[in-house]
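Biologist: Please show me the model, and then I will ask how its labels were reached.

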Amino acid sequence: MSASVAPAAPSASSLAPLKIPFFRMLWIASFVSNIGTWMQNVGAVGLMTELTPSPVLVALLQTASALPVFLLSLPAGALADLVDRRRMLMLTQTWMAAVALVLATLTLLGFTTPWLLLLLTFLLGLGGALNNPVWQTVTPELVPRAQLPQALALNSVSFNLARSFGPALGGLLIGSFSAGAAFLLNGLSFLATIYMVWRWKREPQVTSTLAGERVFAAIRGGIRYARFAPPVQRILVRGVCFTFGASALFALMPAVVARRLALPTSFYSVLLSCMGAGAVLGAVLLPHLNRRLTINWRVTVATLSFAVGLLGLAFADNKMLLSALLVLVGMAWMLVLNSFSVGVQTVVPRWVQARTISLYLLTIQGGMALGSVVWGSVASRWELPVALTGAAIWLGLSTLLAFRYSLSNSTEALDFTPARSRPDLLLDQEPAPDAGPIIITTTYHISPADRPAFAAIMDELSRIRRREGAIRVGLYADLAEPTRLVEYFMVESWEEYEQLHDRGVSREEADIKTLARQLHQGPDRPVVARLLSEHAPAELAARTPMVPGSTRLVASTAGETPA
C-alpha cells in the first residue's frame with residue numbers, strides 16, 4: 001500500500017486559498033450559483049409534478065440533466081484544451097443564464113409544458129456539461145500548487161453548503177411564489193459568475209488554428225494520453241471502483257428511509273444535511289490529514305469509513321446513530337474525491353489537463369450510473385440490507401487495489417516544466433497546418449552488445465511518444481549496417497507536430513534520451529529527420545487532409561538533439 005512513501009509536506013490552513021482575492025470572489029460567485037442550481041432542481045421537480053401525474057416524466061428530469069454529461073464530457077474537455085478557457089467559461093455561463101431566464105419567463109407567464117420543461121432542462125444540462133471540465137481547470141491557475149488540495153476542498157464545501165441550503169430556499173420560494181421565481185433566481189445567479197470571469201485578467205492562450213476541425217482528434221489524444229500515463233490510469237481505476245460501490249448509498253438511501261425505517265421524507269433531508277456537514281468537517285480537517293497520512297492511506301481509511309456507513313444504513317435503526325454515520329460518510333466522500341481530483345489535476349501537464357479531467361468526470365459518472373443499476377437490482381431481488389452489505393464488501397475489497405494501483409505521493413511532486421526547448425526547425429518550406437502525417441526519425445549507432453539495453457530504453461521512450469500524441473512508433477535496424485538503428489514516431493498533422501515541438505522536452509523524456517545518447521557511438525550526435533508524407537496510410541486518409549504530391553524530406557539535421 002506504498003507504506004514506504006512519506007506523507008505529504010505540511011500544507012497550509014484549510015482557508016488559505018480564500019486569502020487570494022480572485023479565488024475568494026470566484027468561490028463566492030460559485031456558491032451563489034450552486035444555490036441557484038439546487039433551487040432550479042427543486043423547482044423543476046415541483047413544477048413537473050404540478051404539470052403531469054406521470055412518474056415517468058418526473059423521472060426523465062434526472063435523465064435530461066445527466067444525459068448531457070455522457071454526451072459532451074469528452075468533447076467539452078477537448079474544446080477546453082483547444083480554445084481560450086476564459087472565453088469558453090463566458091460562453092457556457094451565458095448559455096446557462098439565458099436558458100434559465102427563458103424557462104423562468106415561460107413559467108411565470110404560464111406557458112411551460114412537461115415536454116418544454118424537459119427540453120429546457122436538457123439545454124441547461126448541455127451548458128453544465130460543457131462548463132464542468134473547463135471550470136475544473138480554473139482553480140489550478142488561481143492558487144499555488146501547495147494549496148490546491150485546500151482549494152478543491154473549499155469548492156466541495158461550496159457545493160455541500162449549497163446542497164444544504166439550496167433545496168430549503170427553493171422550497172420557500174415555490175411555497176411563497178412559484179417555481180418560476182426559483183428559475184428566475186437561478187438565472188440571475190449565473191450573472192455573478194459571468195461578472196467574475198469577465199474580470200479575470202489572464203494571459204491569452206495559444207489556441208489551435210484548426211480547433212473546430214480537431215475536436216475528435218483532441219478527444220483521441222486525451223484518451224491516448226490517459227492510456228499511456230500510468231498515474232492517470234491508477235486514478236481512473238480507483239475512482240470507478242469507489243463510485244461503483246458508493247453509489248449504493250445515493251441510490252438506496254431514500255428507500256431505506258421510506259421502507260426499512262418507515263420514516264417521513266424529512267428524515268431523508270436530515271441525512272443529506274448530515275452528509276453535507278461531514279463534507280465541510282472533512283474540508284476543515286484536510287490539512288491535518290494530509291500531514292499525517294499518505295494519499296493511499298487517506299483513500300483507504302475514507303473508503304472503509306464509507307463502507308461502515310453503508311452497513312449502518314443496512315442494519316441500524318437509531319436515528320442519532322444513522323445521523324452520525326452520515327456525517328462520517330460525508331467526510332469520507334469528500335476526502336476520497338478530493339484526493340482523486342487533486343491527483344488527476346497534478347499528474348498531467350496543462351495542455352491536456354481539461355481532457356483528462358473530462359475523462360475522470362465521465363468515469364466517475366459512469367461508476368455512479370452503473371452502480372445505481374446494479375445495487376438497485378440486487379435490492380429488488382434480495383432486499384435492501386443485502387445490497388448495502390454487498391456494496392460495503394465491494395468497497396472493502398477495493399482498498400486492495402492500493403497494492404496494484406498505488407496512488408503514491410510521488411505523483412504530487414511531478415514537475416511538468418520543460419527540461420529544455422527543442423531545437424529550432426530548419427525547413428525548406430513551411431507545410432500547411434493540416435498537411436500530414438509527419439514521421440520524425442532519429443538515427444543512432446549502437447554496438448551489438450548494447451542493443452538489448454537500448455531497446456528497453458526505446459520502449460520507455462515509445463510510451464512517452466504515444467502519450468504525447470504519436471499515432472505510431474517503432475525501432476528499425478539497418479540490415480546493411482547492424483549498428484545503425486532508427487527510432488521513429490508519427491503524428492497526424494504538421495500543426496500537431498508544431499504543438500508537440502513548442503511544448504519542449506519534458507524532464508522524463510530528457511532523462512530517457514540522455515540514457516539513449518550514452519549508448520550512441522560515433523563522432524556526431526544522433527541525426528534527426530522530419531518527413532512529410534502527402535499520401536496518408538489508408539486508415540488516416542479519411543481524417544487527415546492531404547495535398548497532392550510525393551513524400552519529401554522536410555528537415556534533416558545531423559548532430560541535433562533527438563526530437
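Modeller: Helix α7 (residues 179-199) supplies four residues, the largest share of the nonpolar patch. Helices here are DSSP runs of H or I with at least four residues, numbered from the N terminus. This is a predicted model, in which local features need pLDDT of at least 70 and side-chain atom pairs pLDDT 80 or more, while totals for chains, interfaces and linings use all residues. Residues are numbered from 1 along each chain as its sequence is written, and side-chain values use heavy atoms, without hydrogens and water.

Biologist: Which residues form the nonpolar patch on the surface?

Modeller: Leu-108, Leu-184, Leu-185, Leu-188 and Leu-191 form it, with about 410 Å² of accessible area together. Patch residues have over 30% relative accessible area and no salt bridge, and nonpolar side chains are joined within 5 Å. A salt bridge puts a side-chain nitrogen of Lys or Arg within 4 Å of a carboxyl oxygen of Asp or Glu. The areas come from the Shrake-Rupley method with a 1.4 Å probe.

Biologist: Why is Leu-191 called partly exposed?

Modeller: Buried means under 20% relative accessible area, exposed means over 50%, and partly exposed is in between. Leu-191 has 42%, so it is partly exposed. Leu-191 is found in helix α7.

Biologist: How many aromatic pairs does a search of the whole structure find?

Modeller: The search finds 11. In one of them, the rings of Phe-250 and Trp-333 have centres 5.0 Å apart and planes at 65°. Phe-250 is in helix α9 (residues 230-260) and Trp-333 in helix α12 (residues 319-346), 83 residues apart.

Biologist: What makes the pair of Phe-250 and Trp-333 edge-to-face?

Modeller: Rings pair if their centres lie within 6.5 Å; planes under 30 degrees apart are stacked, over 60 edge-to-face, and the rest tilted. The planes of Phe-250 and Trp-333 are at 65°, so the pair is edge-to-face.

Biologist: Is Trp-333 buried or exposed?

Modeller: Trp-333 has 16% relative accessibility, so it counts as buried. Phe-250, at 25%, counts as partly exposed.

Biologist: Why is the pair of Phe-306 and Trp-333 called tilted?

Modeller: Their planes are at 45°, with centres 6.2 Å apart, so the pair is tilted. Phe-306 lies in helix α11 (residues 295-315) and Trp-333 in helix α12, so the pair ties together parts 27 residues apart in sequence. Phe-242, Phe-250, Phe-306 and Trp-333 form one aromatic cluster.

Biologist: Why does Ser-323 count as buried?

Modeller: Ser-323 has 13% relative accessibility, so it counts as buried. Ser-323 lies in helix α12.

Definitions and conventions. Patch = residues over 30% accessible without salt bridge, like charges linked within 9 Å, V, L, I, M, F, W, Y side chains within 5 Å. Helix = DSSP H or I, 4+ residues; strand = E, 2+ residues; numbered from the N terminus. Buried < 20%, exposed > 50% of the residue type's maximum accessible area, 1.4 Å probe, protein only. Phe/Tyr/Trp six-rings, centres within 6.5 Å; stacked < 30°, edge-to-face > 60°.
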